[in-house]
Amino acid sequence: MIVPPTPMSDDSPTSVPFQDLPQQIRSLRSELDAAIGKVLDHGRFILGEEVTCFEKKWAEYCGTKHAIGVGSGTDALHLILRALGIGPGDEVITVANTFIATAEAISYTGAAPVLVDCDKTYGLIDPTAVESAITARTRAIIPVHLYGQPANWPALQQISAHHTIPLIEDAAQAHGATLVDGRRCGSLGLAAGFSFYPGKNLGAFGDAGAITTNCDTLAAKVRLLRNWGSTIKYHHDVAGYNSRLDTLQAAVLSTKLPHLDKWTGLRNQVVSKYREALKNTQIRVIAKAPWTGTHAYHLLVVQLPQNLRDHVAKTLASSGIQTVIHYPIPIHRQPAYHHLQIPAGALPNAESLSTEILSLPLFPEITEQQIDHVATCLSQAIAHTPRR
Ligand SMILES: *Cc1c(COP(=O)(O)O)cnc(C)c1O
């Protein structure tokens, strides 16, 4: 007899995964099987009707005129910049504490990424630093809606309007996040790049991404670029790329999308429970900003006194609790970007945050018992650490 592996049991307080995708998939398994089965039956794996259908739903969800499915979040950002004609000699401003892809999308075009600091409180791109970094060569600004909450849009919008430089959203972590006025991430800038990497709040079963925009011209250009510069087979208007959203991934995303708001709600409840459990400790949960309406809580990031963070992560690991650091090394301190010659100490908030942050297990299905286990182990780890 073949004994199937036992899935992580809900009532096991002894181990807490960082996220639990198989559990979510099990809950939707029959719907997913049906959606995938339909694609297998018709066989139109590239730009099949499921892609158009998801694009329509995603545009509606975000509140934009267009959504264009592409191969990944990285490609989404890259294709937006290409469609804007950004290239060698140009500068694009973004933040140092982001996933490397934000900077790489800029580098692919031949433009120079200009990295600026974040604020201390939310870890979001600092609008004042953005304004100081603007030069005659600046062609775009890419604020990152980090951890699931919008960047400081009121301030960024003013700067963008004053200097007539477009804002491109890196919305890879912000599915369903809103400003206090209700506008959704993805509809705030000239265009936005989303990632549907499996671990994102809306995740496919492989790499996937989308661009949202209200601009017809930009939408038409990225549609060309994602498909070798072609709208008619074997006729190529521009030299483009091969970066389509797979039909299968679109089918998966359309199946999951109706559950996204419920999952975001659950993530918010989980975070409230964590906050409550940690309120009498020196552990600070990164705060919700005053301009944020819905925080999508892609990640639950806590800040710990510098000397404690690594010790705490190790202690939690020994109690079976998985944590991750988002991100341990700011972009300007990565070997890949040493050529920017930004010295250590130049972006102090991004640098100090990288030594203090820790992302705790957070997924819609996490149990109360698992949250308590994490909070208890966290408090104990801190109590048993000698202060310096
Ligand atoms: C995930 C992510 C990306 C890249 O998306 P992929 O789909 O993995 O290419 C870009 N920026 C941020 C902030 C991300 O979190």
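Visitor: Which helix gives the largest share of the lining of the largest pocket?
Guide: Welcome! This is a predicted model, and its largest pocket holds about 490 Å³ of space. Helices H4 (73-83) and H5 (100-108) each supply at least two residues of that pocket's lining. The largest share, three residues, comes from H4.

Visitor: Which residues lie closest to the centre of the largest pocket?
Guide: The lining of the largest pocket divides into 11 nonpolar, 11 polar and four charged residues. Of the 26 residues that line this pocket, the closest to its centre are Phe99, Ser195, Tyr197, Lys200 and Tyr327.

Visitor: Which helices each supply at least two residues of the lining of the largest cavity?
Guide: The largest cavity is lined by 15 residues, with Leu21, Gln24, Lys200, Arg267 and Pro364 nearest its centre. By class, the lining has five nonpolar, five polar and five charged residues. The helices that each give at least two residues to this lining are H1 (21-27) and H10 (260-277).

Visitor: Which elements give two or more residues to the lining of the second largest pocket?
Guide: This pocket has a volume of about 180 Å³. Residues lining the second largest pocket include Ala35, Lys38, Glu49, Cys53, Ala250 and Ser254. The elements giving two or more residues to the lining are helix H2 (29-42), helix H3 (49-62) and helix H9 (247-256).

Visitor: How many residues in the lining of the second largest pocket are charged?
Guide: His42 and Thr255 are among the residues lining this pocket, as are Glu50 and Lys57. Its lining divides into four nonpolar residues, three polar ones and, in the charged class, four.

Visitor: How many nonpolar residues does the contact of H11 with H13 have?
Guide: H11 passes H13 in a right-handed crossing. On the H11 side, the contact is made by Leu308, His311, Val312, Thr315 and Leu316, while H13 brings Val374, Cys377, Leu378, Ala381 and Ile382. By class, this contact has no charged residues, two polar ones and, in the nonpolar class, eight.

Key: Residues are numbered from 1 along each chain as its sequence is written. This is a predicted model: local features need pLDDT of at least 70, side-chain atom pairs count only at pLDDT 80 or more; totals for chains, interfaces and linings use all residues. Side-chain values use heavy atoms; hydrogens and water are left out. On a 1 Å grid over the protein atoms alone, a cavity is a set of points where a 1.4 Å probe fits but cannot get out, and a pocket is an open set with protein on both sides within 12 Å along at least five of seven lines; lining residues have an atom within 4 Å of a point. Helices (H or I, at least four residues) and strands (E, at least two) are DSSP runs, numbered from the N terminus. Ala, Val, Leu, Ile, Met, Phe, Trp, Tyr, Cys and Pro count as nonpolar, Asp, Glu, Lys and Arg as charged, and the others, Gly among them, as polar. A crossing is left-handed if the near helix is turned anticlockwise from the far one by less than a right angle, and right-handed if clockwise. Contact means heavy atoms within 4.5 Å. Grid points are joined across faces, edges and corners, and a volume is the space filled by probe spheres set on the points.
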